[in-house]
Amino acid sequence: MRQKIVLAMLLLEPEKVVSTDRLIDAVWEDDPPSTAREQIHFCVSRLRRVMSRAHGANLIETRKPGYLLRLDDCTLDTQIFDARVAEGRRALGQGDHASVIASMRGALALWRGAALSDITAPTIQHRVVHLEERRLRTLEQCIEIELAAGLDQDVAGELATLTRQHPLRERFHALLMMTLYRHGRQAEALQVYRNVRHVLMDELGIEPSADLRSLHREMLTGGHVLGPAASWARSAPFGDTLDVAPHTPAASISAPPAQPGVPMLLPPAISDFTGRTDLIEGALSDAVGAASADQALPVTVFHGRGGAGKTAFAVHLAHLMAADFPDGQLFAHLHADSRAADPADILGRFLRALGVSGARLPQDAEERGEIYRNLLGRRRMLIVLDDAESEEQVMPLLPGGGQCSVLVTSRRRLTGLPAERMEIPAMSRAGAVALLERVIGRERVRAEPEAVENLCDLCDRLPLALRIIAARLAARPHWKVAGLVERLTDETHRLDELNHGKMGVRASISLSYDAVSPDARRLFRLLALSAATGFPAWVGAPLLETDPLRAEDVIEELAEAYLFDVVSGPGPDRYRFHALTRSFALERLVEEESPAERRSALERLVGCLLFVADEACRRERSGGFPLPAGRASRWPLPASLLDRLLAEPLSWYEQEWPFLLSGIRQAAAAGLVEHAWNLALSVAPLLASQSLLSDWRESHEAVLKAACRHGNQRGEAAMRYSLGSLDLIQQRPVPAAWQFERAMALYEHLDDGHGTAPAPRQMTFPACGT
């Protein structure tokens, strides 16, 4: 295969020097071996021997910095192809249609499949794309000339095959439509248009080009159908002009292309759009700019979670605004099939909608942008850009003047754009219920009001999830809402339930997840280990085994992508999962992290909690409280961060208690008994000082069960003695005496040489009088 790749590179550039470095890149891409140059030299030597035997001459010369392939009296198929196409162009100038077709069909007959198709090297495949494009454009020209000459009896079947092989190549569809129409098959011709329009909308979110739409209109009105598509015939495969004389006066092939109509590419209006009244009113006032040439371009970015209804909101708003933009509306999806769309491709679609087609459409993205801004410079148009991934994707698609207006939807805030911004939140509970009513009926909603509210909450009140659930309920009128609530309660299968047809919440979240960095994806997964509803930024440090500042940057990246919610309060910001994103994170955790990795991450997380809880207890008790001396590992945080977190230890404790309690429970359940009892004992003085006695008992009893189950006597002794102290506070002397007695018996059998639990005399809680 290496020899084939080297030969292919030389054949693609005959009579030119191809450097050794380029040959190495073609063969090995980014991972060449240390002997790459020697292997290339060996390949060339073998090729020289083979060519010498076949042709009696050495056709490969060594020329610094590489090699050159001489043709001498040899001829490549591509040269023969070019010569026959040139013959066809000369015959066309003489009006000899038969000779034109013979020359072009002869050129096309040289192709026996895709060029160099047996070589899978990416460099080679990228280089041969232009060869396939030359073949297809020549084939289009040939069929157009056959149509113009009235020799189209046998091309319908060929065109039907070509449209299946190249579903996005509008020219073949136009030619098939004309062929069918001219043979009295109008219904089939119109069906071809419907098919290609469906494909273009599904694949690219764009209407067919102005030429194809014009051809469709002529068929509907019974006009001559050769003009719009035949105008394409004026661009030859290599940029030359083909002046095709019409076969009959009626077939006005050389007529100029029809002027395009006003592009109206918005998706259909949403009939059951519900709620959002306040947001719509605010967006209308921001997005509709005054039509003055000296005003800056009005751009509005609608950002929010995946599934929050940003696209539906923007489309609904665009239909309300359409009357203010008489020159039309453009619409494009900027993210499809898990890939960000290339702005150059979107510009090409927009320019075709604006009447630019054929040879007038440049290949260079910058030139496309210049033509686009020039065409929109004096027009008042509305442009909707859906699901943008970055500022760099949007900037080339912005008009230059202020008479247009742009609506952008994104899962990010796109703060690099000069724009107004509006967050599209989840729906209110009333709005979510109203949406369900629109789909499944008011009677059904009112029959189970409590279940409906629970259903909305389990769906995070996201329009996408609600529409999926509503569609499933509508398809199963015998289902009870409560039954679906029960299905959704199990978060390990929740995302499986939120699928209907092509709609799926998992796919929506996956787009956001795939777009963030590898570190962010890993932290997102690992944070699902914690069962707490919220967590501070510093927990990312032990999970990623990095410093807290880096961890905070990664958590902020996830928050910016709407994979976390930011919960602001009097203290430092905290973060939390949405219900649906947590279900997704749990799936990814199980799928991408091994059991050993999950346990190790949980141990680091609980160890960091233990470290901070120890320090909080020390600072609150001014060092007077002897902390447990168990074997549990700690994950330390920098002193500067501790000083900020624990400026008021009790305030920190009050804020983090749910997180601490979750850590104690999870450590106990996971068998990290040393961590569990150390952490429970560290927070006991703080619990006592706040009189949170029920939390004290609940946390200690959970750890006590784990310690007994795993035979950890040190932990059992510590928990029993602490619970005995609690019993005294609650004036339960008998249970207290029993706990103390059992604890003392365990202490007597412990080996103090490896760090024991605190001795009974050290376990004092003066704030509670014990």
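Arg461 is partly exposed, with a relative accessible area of 26%. Buried means under 20% relative accessible area, exposed means over 50%, and partly exposed lies in between (1.4 Å probe, protein chains only). Asp457 also counts as partly exposed, at 30% relative accessibility. The side chains of Arg461 and Asp457 meet in a salt bridge, at 3.2 Å from N to O. A salt bridge here is a side-chain nitrogen of Lys or Arg within 4 Å of a carboxyl oxygen of Asp or Glu.

The model is predicted: local features need pLDDT of at least 70, side-chain atom pairs count only at pLDDT 80 or more, and totals for chains, interfaces and linings use all residues. Residues are numbered from 1 along each chain as its sequence is written, and side-chain values use heavy atoms, with hydrogens and water left out.

## Other salt bridges

Across the whole structure, a search finds 36 salt bridges. In one of them, Arg697 and Asp727 meet through their side chains at 2.7 Å, N to O. This pair links distant parts of the chain, with Arg697 in helix α33 (residues 693–710) and Asp727 in helix α34 (residues 713–729), 30 residues apart. Helices (H or I, at least four residues) and strands (E, at least two) are DSSP runs, numbered from the N terminus. Both Arg697 and Asp727 are buried.

Glu716 forms a salt bridge with Arg742, and the closest N and O atoms are 3.7 Å apart. Glu716 lies in helix α34 and Arg742 in helix α35 (residues 733–748), so this pair ties together parts that are 26 residues apart in sequence. Glu716 is buried, with a relative accessible area of 8%, whereas Arg742 counts as partly exposed at 34% relative accessibility. Elsewhere, a network of salt bridges links Glu133, Glu140, Glu144, Arg169 and Arg171.

## Aromatic contacts

The structure holds 12 aromatic pairs. Rings of Phe, Tyr and Trp (its six-membered ring) pair if their centres lie within 6.5 Å; planes under 30 degrees apart count as stacked, over 60 as edge-to-face and the rest as tilted. Tyr513 and Phe524 form a tilted pair, 5.7 Å centre to centre with 50° between the planes. Tyr513 lies in helix α24 and Phe524 in helix α25 (residues 518–526), so the pair ties together parts that are 11 residues apart in sequence. Tyr513 is buried, with a relative accessible area of 3%, and Phe524 is buried with a value of 0%.

Ring pairs join Tyr513 and Phe524 with Phe535, Phe564, Phe577 and Phe584 in a cluster. Arg476 lies over the face of Trp479, at 4.8 Å from the ring centre. Such a charge sits over a ring if NZ of Lys or CZ of Arg is within 6 Å of the ring centre and within 35 degrees of the ring normal.

## The largest pocket

About 1,600 Å³ of space lies in the largest pocket. On a 1 Å grid over the protein atoms alone, a cavity is a set of points where a 1.4 Å probe fits but cannot get out, and a pocket is an open set with protein on both sides within 12 Å along at least five of seven lines; lining residues have an atom within 4 Å of a point. Grid points are joined across faces, edges and corners, and a volume is the space filled by probe spheres set on the points.

The pocket has 40 lining residues, with Thr311, His333, Asp386, Leu464 and Met503 nearest its centre. Elements that give two or more residues to this lining include α10 (186–204), α14 (310–321), β8 (382–388), α21 (463–475) and α24 (505–515). By class, the lining divides into 18 nonpolar, 11 polar and 11 charged residues. Ala, Val, Leu, Ile, Met, Phe, Trp, Tyr, Cys and Pro count as nonpolar, Asp, Glu, Lys and Arg as charged, and the others, Gly among them, as polar.

## Enclosed cavities

A search of the whole structure finds 3 cavities of 30 Å³ or more. The largest cavity holds about 130 Å³ of space. Residues that line this cavity include His335, Asp387, Glu389, Arg411, Arg412 and Ser512. Helix α24 gives the most to the lining, with 3 residues.

The second largest cavity holds about 100 Å³ of space. Of its 16 lining residues, Arg305, Gly306, Ser508, Ile509 and Thr581 are the closest to its centre. Here too α24 gives the most to the lining, with 4 residues. This lining has 9 nonpolar, 5 polar and 2 charged residues.
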